[in-house]
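Student: I'm new to this one. Could you walk me through it?

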Amino acid sequence: MGQPIEALAGTSSPAHLSGLDSDKFGIRVARTKASCSQLPAVVHWCRKINVKLLIARVPLPGVPARKTLIRNGFAQMDTLEYWVCNLRNHRDTIPMHHHEVKLAHQNDADSVRSLARIAFHGYRGHYHCDPRLPDRLCDEVYADWAYRFCLSDSMHNATLVYEIDGKPVGFTMIRRTGNTDAEIVLSGTSPEFRGRGIYRTLHGQRGLWCIERGIDRLVGSANFCNEAMTHCYQREGFQRLFSINTFHKWFIKQGSECSFC
Ligand SMILES: CC(C)(COP(=O)(O)OP(=O)(O)OC[C@H]1O[C@@H](n2cnc3c(N)ncnc32)[C@H](O)[C@@H]1OP(=O)(O)O)[C@@H](O)C(=O)NCCC(=O)NCCS
C-alpha cells in the first residue's frame, strides 16, 4: 500500500500512496506527515508519480509557514486533537465483561462496514470538508476503513461491537501500538442510538481489553469541532496531548479532477 518517498525523491520525508483513499476516490492519493520544510520534496515526489491529491498532516504551523502552505495550494480541512488516557488511573472503574458487547470477527466485517457507513454519514472530517470530494464517497472511506480493519486478522487489533437484539449499533476499533500502548482507530454509534451510553460502555470494554493485555496507555483523536467526542474524551478522563492540522493539496484544476463529480 505504501510507496516510500525515500526511494523516489532522495529525502527522508515520510510520504506514501494511500491504497484506501486511491481505491475509494478513483484517483492517485498520497499521504504525508512531513514537516513544513520537507513538503517541497514531497510535492516534487507527488508530481513525479502523478499523484492527484496529497493529504498532509502537519503540526500546527506558525503564521509564516501557514502562509507558505496556502500560497502553494494547500487548503486546511480540519484540526485533529489527540487525547491520552492512563488506564492505570482508572482501574477501579474498569467494568466486567458486558453481555451486549462482543469481539467482532472477520465474518462481521460486512455488518461493521454498514454500521460505520451510517455512523460517519456527513461526518465533519477532512474528507467531507473538501468540496472536491463527493459526500457519498467520503462516507464510504470510513465504511471501507472499518471493513478493512475488521478483516485484518491480527492479535494486535480488536473491533468491539455493541449489539441490541443481535443488531450492531455501536463499535470501537483498537490497535496495539506497543507493549503498554494502544490507539483508538475508529468508533461510532448509529445515530438513532446516540446519547444512550453506548460509547461509554464500549469505552469501558475497550479498557478491559487493554488491561487484560497489559496495556495502560490509550491514545485517541477527534476533530476539534466534534463536540460529542470531545465530551466523551473528557468524561472518560482523557487529557489533551497535541493538535495536528490536515491540509489537502490538489494537483489538478478544479472541475477536471474526477469523473464522479
Ligand atoms: C461520538 C459518538 C461515538 C458517541 O456515541 P454515543 O453512543 O452517543 O455516546 P454516549 O451516549 O456514551 O455519550 C455521548 C455524550 O456526548 C454528549 N453529546 C452529544 N452531543 C454533544 C454535543 N454536541 N456537545 C457536547 N456533548 C454532546 C451526550 O450528552 C453524552 O454525554 P453524557 O451522557 O455524558 O451526558 C457518536 O456521537 C458518533 O458515532 N459520532 C459520529 C462518529 C464519530 O464522531 N466518531 C468519533 C471519532 S472516530
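Student: Which elements each supply at least two residues of the shell around the ligand?

Tutor: E8, helix H8 (198–212) and helix H9 (227–235) do. Helices (H or I, at least four residues) and strands (E, at least two) are DSSP runs, numbered from the N terminus. The largest share, 6 residues, comes from H9. By the way, this is a predicted model: local features need pLDDT of at least 70, and side-chain atom pairs count only at pLDDT 80 or more, while totals for chains, interfaces and linings use all residues. Residue numbers start from 1 along each chain as its sequence is written.

Student: Which residues come nearest to the ligand?

Tutor: Being near means that the C-beta atom, placed from the backbone, lies within 6 Å of the molecule. Of the 23 residues around the ligand, Thr-189, Arg-194, Tyr-199, Arg-200 and Glu-227 come nearest.

Student: In what order do the strands of the open sheet lie?

Tutor: Strands pair if DSSP finds at least two bridges between them. Here 10 strands run E1-E2-E3-E10-E4-E9-E8-E7-E6-E5, with mixed pairing. E1 (15–17) and E5 (101–103) are at the edges with a single partner strand each, so one side of each has no neighbour in the sheet.

Student: How many bridges join E7 to E8?

Tutor: There are 7, between residues 167–176 and residues 181–189, and the two strands run antiparallel. Met-173 sits opposite Leu-186 in E8.

Student: Which residues of H7 are buried?

Tutor: Buried means 20 or more other C-beta atoms within 10 Å of a residue's own, with C-beta atoms placed from the backbone. Among them in H7 are Cys-138, Val-141, Tyr-142 and Phe-149.

Terms used:
Buried ≥ 20, exposed ≤ 12 C-beta atoms within 10 Å, placed from the backbone.
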